[in-house]
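Hi,

Here is the structure I promised to pass on. Have a look at it first, and then read my notes below.

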Amino acid sequence: MSSPQPPLSSSIADLRKSYERAELGEDASHADPLAQFDQWLREAIAAQVPEPNAMTLATVGADQRPSTRVVLIKGYDERGIAWYTNYDSRKGRELAANPFAALQFHWIELERVVRIEGQVEKVDASESDAYFHSRPLDSRIGAWASPQSQVISGRGVLVANAAKYGAQFLLQPPRPPHWGGFRLKPDRWEFWQGRKSRLHDRLRYRLGGGLWVRERLAP
Ligand SMILES: Cc1cc2nc3c(=O)[nH]c(=O)nc-3n(C[C@H](O)[C@H](O)[C@H](O)COP(=O)(O)O)c2cc1C
């Protein structure tokens with residue numbers, strides 16, 4: 001018999017870590033936040049952080065309630081940050097009602113967080129088509145088979161849908177009209193680097209007069 005465990009609430013309150021891996025100074029950071037993001041994402045990939053391309057997406061629907069979920073970044077450039085999803089999903093409906101969103105990467109092994117905010121629009125149909133057709137066949141069938149975010153009676157619905165659409169489209173499923181990309185155009189970025197004694201580095205970039213203004217925030 002194992003001895004009784006202490007109540008979780010007290011032991012979880014004692015979990016804490018000192019962040020000492022790196023620092024982020026004004027002199028060592030890029031003037032352009034996209035360049036800073038590009039550097040940090042490359043470093044996360046090089047460090048073999050698990051799923052370095054996974055980001056939390058926060059939206060707020062017409063009911064004013066925020067909601068979050070994880071999606072994968074599929075492109076970034078001066079136009080913004082792109083991901084792909086079902087336009088009829090909860091996130092898709094919330095973005096249709098309110099196009100402002102926030103993204104967050106947490107690269108825990110590097111003690112780094114990136115936060116990005118801005119307005120979202122749909123990716124052009126031709127670009128969504130190109131990405132859709134680059135996906136593996138089972139993912140393309142899956143986009144048809146899953147009525148994302150809707151209540152279903154059981155897994156059998158998905159299996160039956162996948163079989164049905166697989167037979168219907170064979171090797172050439174077209175992009176579903178309800179599936180495609182979104183792109184967030186950043187007007188605010190924050191780069192957070194954990195530091196010792198909770199004196200973390202936070203550099204925030206905001207657009208002022210069409211230029212990026214870089215400011216340090218208190219941790
Ligand atoms: C690592 C990871 C990556 C994911 N990537 C995506 C994605 O790129 N697109 C997507 O629609 N859902 C993705 N999901 C599933 C979403 O987190 C979520 O369950 C789904 O999109 C439904 O969210 P919603 O009901 O808020 O719209 C991913 C989940 C995980 C854990």
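The side chain of Ser29 makes a polar contact with the side chain of Arg214, at 2.9 Å. By polar contact I mean a pair of N or O atoms within 3.5 Å; within protein, one must be able to donate a hydrogen and the other to accept it, and residues adjacent in sequence count only if both atoms are side-chain atoms. You'll find Ser29 in the loop between α1 (8-13) and α2 (33-46). Helices (H or I, at least four residues) and strands (E, at least two) are DSSP runs, numbered from the N terminus. Ser29 counts as buried because its relative accessibility is 9%. The cut-offs are: buried is under 20% relative accessible area, exposed is over 50%, and partly exposed is in between (1.4 Å probe, protein chains only).

Before you go on, keep in mind that this is a predicted model, where local features need pLDDT of at least 70, side-chain atom pairs count only at pLDDT 80 or more, and totals for chains, interfaces and linings use all residues. Residues are numbered from 1 along each chain as its sequence is written, and side-chain values use heavy atoms, with hydrogens and water left out.

Now the overall picture. The chain has six helices and nine strands. Its C-alpha atoms fill a box of roughly 65 × 60 × 40 Å, taken along the principal axes. Of the 219 residues in the chain, 36% are buried.

Next, the ligand. Which residues surround the ligand? They are Glu51, Arg69, Val70, Val71, Leu72, Tyr84, Thr85, Ser89, Arg90, Lys91, Gln148 and Ser149. A residue counts as near a molecule or strand if one of its heavy atoms lies within 4 Å of it. This shell divides into four nonpolar, four polar and four charged residues.

Lys91 has a side-chain N or O atom 2.6 Å from an oxygen atom of the ligand. For Ser149, a polar side-chain atom lies 2.6 Å from a ligand oxygen, and for Gln148 the distance from a polar side-chain atom to a ligand oxygen is 3.1 Å. Taken alone, the ligand exposes 620 Å², and the protein buries 64% of that. These areas come from the Shrake-Rupley method with a 1.4 Å probe; for residues, only the protein chains shown count as cover. The elements that give two or more residues to the shell are β2 (66-72), β4 (80-86) and α3 (90-97). The largest share, four residues, comes from β2.

On to the charges. Side chains of opposite charge can pair when their charged atoms come close. A salt bridge here is a side-chain nitrogen of Lys or Arg within 4 Å of a carboxyl oxygen of Asp or Glu, and by this rule the count comes to 18.

Two of these involve helix α4 (residues 125-134). Glu127 forms a salt bridge with Arg183, with the closest N and O atoms 2.7 Å apart. That pair links distant parts of the chain: Glu127 is in helix α4 and Arg183 in strand β7 (residues 179-193), 56 residues apart. Is Arg183 buried or exposed? Arg183 is buried, with a relative accessible area of 8%, whereas Glu127 counts as partly exposed at 25%.

Asp129 forms a salt bridge with Arg175, the closest N and O atoms being 2.6 Å apart. Asp129 lies in helix α4 and Arg175 in the loop between α6 (155-169) and β7, so the pair ties together parts that are 46 residues apart in sequence. Arg175 counts as buried at 18% relative accessibility, while Asp129, at 31%, is partly exposed.

There is also a network of salt bridges that links Glu23, Glu26, Arg195, Asp201 and Arg216.

One last item comes from a record. An unreviewed UniProt entry places the feature "domain: Pyridoxine 5'-phosphate oxidase dimerisation C-terminal" at residues 179-219. UniProt positions are given in the numbering used here, feature names are shortened, and annotations may be inferred rather than shown by experiment. In the model, residues 179-219 are 0% helix and 71% strand, and the end C-alpha atoms of the span lie 39 Å apart.

Cheers

Methods
Ala, Val, Leu, Ile, Met, Phe, Trp, Tyr, Cys and Pro count as nonpolar, Asp, Glu, Lys and Arg as charged, and the others, Gly among them, as polar.
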